[in-house]
Amino acid sequence: MARAPVEQPILLTGGRVIDPSRGFDQVADVLLQDHRVAAVGPGLGVPDGALVWNAAGRIVAPGLIDVHVHLREPGNEDEETVATGARAAAAGGFTAICAMPNTDPVTDNQAAVGFVVRQSVRAGFARVHPIGAISLGQRGERLAEFGEMVGAGAVAVSDDGRPVVSSHLMRTALEYARTFDIPVADHCEDPALAAGGVMHEGLVATRHGLKGIPAAAEEIMVARDCLLAELTGGHVHLCHLSSRGSVEILRRAKERGARVTAEVTPHHLTLTDHACDGFETNAKMNPPLREAADVAALRAALKEGVIDCIASDHAPHAYDEKETAFDEAPFGVVGLETAFGVAYAELVRGGDMSLPELLSRMSTVPAQTFHLPGGTLRPGAPADVVVLDVTAPWTVEATAFLSKSRNTPFGGRVLTGRAVLTVVNGGVVYELDAGR
Amino acid sequence: MTATPTLDKDLLGLEYLTAEQINLILDTAEPFKEVSERTIKKVPALRGKTIVNLFFEASTRTRISFEFAEKRLSADTVNVASTGSSVQKGETLVDTARNLEAMRIDMVVMRHSASGAAQFLGKRIRSNVINAGDGQHEHPTQGLLDLLTLRDKHGTIAGLKVCLVGDILHSRVARSNIWGLLKLGAEVAVCGPHTLMPRGIEELGVKTFRRIEDAIAWADALNVLRLQLERMERGFIPSLREYYRVFGVTAERLEHAAKPITIMHPGPMNRGVEIDSRVADGPHSVILDQVTNGVAVRMAVLYLLAGGRPELADAAKRGPAD
Amino acid sequence: MTLTDRTTILDARAMMRALQRLAVEVLEQAEAGDVVLVGIQRRGVELAERLGKLIEKDEGVTVPRGALDITLYRDDLETVGPRPVVGETRLPGDLTGKHVVIVDDVLYTGRTVRAALDELADFGRPKRISLCVLIDRGGRELPIQADIVGKVVKTVPGDRIDVMVEELDGKDQVDLVRGAGA
């Protein structure tokens, strides 16, 4: 559904304004005008014709940014499209998302990148920044045209869905990406070690008679990528880390000054392999859910900043694909509409971090890491803002998702924290209970 | 007097049964052994029941054993074999469930290559589902017949030292055995190459032996698992010959044992790979008893699961008006 | 809860006299050499054992005894919820050409005996089958008759006959419990 952003100014009054980019945290008003943040402060005047929105008791923050999302367009539009994904993102409080290129055909050229951008503009919900493929067809052989793709709007390159197996290709990609100052995002998995595995290699897998993916399969590639980042001076971004071993390798690499950044998903911060008990396919994803010690290490690393940001790895699948034996179900869970709720309920209410820290990891830092506009309420910044409620509990109902897909491990879970208003480029793209 | 335990709708695995339920099945199997000794090996207990043997993986022995069990209980049986290659397995499973439900089958005996397939089916149809082997997960009737065989031979399972030998990692028989033996109070060990040992096995309370000689010195009984050729082809072990030399249960190794050791094998045997012919055919082998007990155990399971409709009993009791 | 009313209809002595009379009647109806006593689980088995011993004392001949569990032949398995426990069936050799005397404690609807007849048919073809029961309480639902009866007791569907034997219950006694439910 194409919607033109509203041109009128918007005044968000009386909310607790948290801007992690400037360490700002106090009750204030926020004025959005001409697609920009015009002013932030207490007692702002109301311009003519402005929409006044009472944010008292709520949190006003820079729009959340999710740097790892799978929109299935082109190729699997039954699972998700750019439009439905962008709309689901807006409902989740995201004003921008980065779309991974493992579409069908693969987004590995400027025309394909441009297509995603145009679909995003037509949809008019959250901004969708395409990520281009590292290699043509994601086959791991020849580099795609980074320059052309960046010119068409790509903000990073990745072969996610698959690992970059060839260390030579990864090295070349890191070096070549330096010209365009974009991150190279890698899905860290040693395919020979992981082959055939469907969940974490551990006692739960043993009890269920399912083949496991050992943590070492991820750690080996994490180590390799850190070393290549050091060798090349390029920026590698490690996708969806899942193991405490990976955290340790990453920490030491950062201490040595390597240009490595990393993300972690809400489900890896919350669930362990026990979520797969009873062959639950909605808990099957790659990398898999691991053990309590891994969850603890990931949370600590996120708090410290060793892991830079949260990203959902939103991976929609048609319901009947997941309705099968565990071995045969595809990997992946959706996450855009539950990410903030899970992160807030588990990390902030759980006492692992403060709300400003969480917002930094879900907005400011993702923007900085991928050089995106947004993540800040500095006057002059794009008017990408989210108003969040962090008091009322709500229950996750997959059937109510705006995403086309329902494969969530959090069905029925009671969360706290959700977007009540999402503004992109100065226009309202989502409002809770307004049916928009 | 304690109430007789009952079983759930489906038999999916021994992990989900209590010791009381397992003992109920074993105790019920005893009278069924007698039925198989009669001239007329048939009782009318399941007359009128329809049972489908749904085997997605080829299996002659288990399927025949179930068929005998079903026929000796006078049930009507239908065999459905599905060659996996021509069929998209995911689709088949859900559609299969729906079709069986629509045909009002009473019971389904299923073997499938995916772990959890029996549970998947059991959740979706009202018929009783009996797991005849799902991927690497469980083979509960095999576990039960192994328990019955050990109980017959040794009198009790509690305190018995049983070692499983071979490819534990890929073995559903091993998993079912481990659950059943632990629940009935046996001491359980496993022995085999580390490449074929599953993660976390010690956390279940199972000992591990690096060498078969140590396992033999310890055990009262060995359950020798079949080693599949493809384990060598997939690089888990260098060769079958080496496996035999290092882990083979041979007559020479057993000679050094302090006491006679009961020898079990789920079959079919790779003679000269995991086990010597002399051992398999020797005086302490109960391999053929396992087969006999298999039919009795399966009859017991079918009998116990085919619960009736007790609400009809009240009507029957009231009888004709005076 | 309905009021129940328990009366002892046979005490230990009366039961012993009844069994002695049953043993005599068995011998009158059969050649001692041909007879096989088959007790129906559970108490029929104990009674068959007693009869066998009494006959041995009188005639000096060992009468083969067997036990029959009719659970798997019941016609009401459909209406039973959890499955009843199956007891032991053991029969002394081939029954073909023998005179089988089925021994049970109580004859009521006749369905147990009918199940026993079905089961015996799977074990061979006896020359003759007779039925010997300690108590006949009436209430037949099938055309089945006992050839040898210890005592006839009139009952209504709400009543219950409790037969107790020394071996299983610690005493020999037969009680009629009115209003206890079948």
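When α11(A) passes α12(A), is the crossing left-handed or right-handed?

Modeller: Before anything else, keep in mind that this is a predicted model. As for your pair, α11(A) passes α12(A) in a right-handed crossing. The two helices of chain A, α11 (residues 339-348) and α12 (residues 355-369), pack at an angle of about 145 degrees, and their axes are 10 Å apart. On the α11(A) side, the residues that meet α12(A) are Ala339(A), Phe340(A), Ala343(A), Tyr344(A), Leu347(A) and Val348(A). Their partners in α12(A) are Leu355(A), Leu358(A), Leu359(A) and Met362(A). Sort that contact by class and you get 10 nonpolar residues, with no polar and no charged ones.

Most residues other than glycine have a negative phi, and most peptide bonds are trans. You'll find Asp313(A) in the loop that runs between β15 (309-310) and α10 (319-322) of chain A.

Now for how chain A meets its neighbour. 24 residues of chain B touch 16 residues of chain A, and the two chains bury about 1600 Å² between them, 54% of it on carbon and sulfur atoms. On the chain B side, Ser115(B), Arg175(B) and Arg199(B) lose the most area to chain A, together 28% of what that side buries. The rule finds three salt bridges across this interface. One of them pairs Glu15(B) with Arg207(A), where the closest N and O atoms are 2.9 Å apart. Polar contacts between chain B and chain A come to six residue pairs, counting those with both residues at pLDDT 80 or more. Three helices of chain B, α3 (89-102), α4 (117-124) and α6 (172-183), each supply at least two residues of the side that touches chain A. By class, that side of chain B divides into eight nonpolar, nine polar and seven charged residues.

Of the two pairs of chains that touch, B and C have the most contacts. Here 24 residues of chain B are in contact with 20 of chain C, and about 1900 Å² is buried between them, 59% of it on carbon and sulfur atoms. The rule picks out one salt bridge across this interface: Glu119(C) with Arg38(B), the closest N and O atoms being 3.0 Å apart. It also finds seven residue pairs in polar contact, both residues at pLDDT 80 or more. From chain B, α1 (19-35), α12 (287-305) and α13 (311-318) each put at least two residues into the side touching chain C, and α1(B) gives the largest share, four residues. Chains A and C, by contrast, do not touch; their nearest C-alpha atoms are 26 Å apart.

Gly267(B) and Pro268(B) are joined by a cis peptide bond, with omega about -10 degrees, and Pro268(B) lies in the loop between β9 (262-264) and α11 (277-280) of chain B. In chain C, the bond from Gln41(C) to Arg42(C) is cis as well, omega being near 5 degrees. Arg42(C) lies in the loop between β2 (35-40) and α2 (43-59) of chain C.

Key. Residues numbered from 1 in each chain as written. Chains lettered and ligands numbered in written order. Predicted model: local features only at pLDDT ≥ 70, side-chain atom pairs only at ≥ 80, totals over all residues. Heavy atoms only, no water. Contact = heavy atoms within 4.5 Å. Buried area = accessible area lost by both parts, 1.4 Å probe. Salt bridge = Lys/Arg side-chain N within 4 Å of Asp/Glu carboxyl O. Polar contact = N/O pair within 3.5 Å; in protein donor to acceptor, adjacent residues only side chain to side chain. Axes fitted to C-alpha atoms, helices over the stretch in contact; angles between N-to-C directions. Left-handed = near helix turned anticlockwise from the far one by under 90°. Nonpolar A, V, L, I, M, F, W, Y, C, P; charged D, E, K, R; others polar.
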